[in-house]
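Subject: Structure handover, salt bridges

Hi,

Here is the structure for your files. My notes on its charged pairs follow below.

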Amino acid sequence: MRDYAAGRAKQRVPGKDFEDDPLLLVVCSYHEGRTADLRAGQALQRMLLAATAHGLVASLMSQVIEVEETRQELRRLLGGSPHPRALLRIGYGSRAAPTPRLEPRELLL
């Protein structure tokens, strides 16, 4: 666990520690170009919806994909053929209050 507060941080709330071995998921394509980008995005959308339906949460780790050197290193670790498009951390999150919504009658003219 990294200490970003130089020792001045409060202890974590019990049960809020991160997993020792988080599940990481890499969305890849075997081709480059706009069509490959679109299909990877569609696969990511379906995966995020399926994860939500099963009570899972995901967080994107975009820095790994955005930096050319780390993206190429990830590609090498994956065998050199697939092109990494997204890296996500998947797991069960804590319950949170639902986002407040306006009543439909407040939105209609």
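Which side chain meets Arg 76 in a salt bridge? The partner is Glu 73, at 2.6 Å from N to O. A salt bridge here is a side-chain nitrogen of Lys or Arg within 4 Å of a carboxyl oxygen of Asp or Glu. Both residues sit in helix H3 (residues 68-77), three residues apart, about one turn of the helix. Helices (H or I, at least four residues) and strands (E, at least two) are DSSP runs, numbered from the N terminus. Arg 76 is exposed at 51% relative accessibility, and Glu 73 is partly exposed at 35%. The cut-offs: buried is under 20% relative accessible area, exposed is over 50%, partly exposed is in between (1.4 Å probe, protein chains only).

Some background on the model. It is predicted: local features need pLDDT of at least 70, side-chain atom pairs count only at pLDDT 80 or more, and totals for chains, interfaces and linings use all residues. Residues are numbered from 1 along each chain as its sequence is written, and side-chain values use heavy atoms, with hydrogens and water left out.

The whole structure holds five salt bridges. Arg 85 pairs with Glu 32, with the closest N and O atoms 3.8 Å apart. Arg 85 lies in strand E3 (residues 83-91) and Glu 32 in the loop between strand E1 (23-29) and helix H1 (34-53), so this pair ties together parts 53 residues apart in sequence.

Arg 85 also forms a salt bridge with Asp 37, at 2.9 Å. Asp 37 is in helix H1, so that pair links parts 48 residues apart in sequence.

Best wishes
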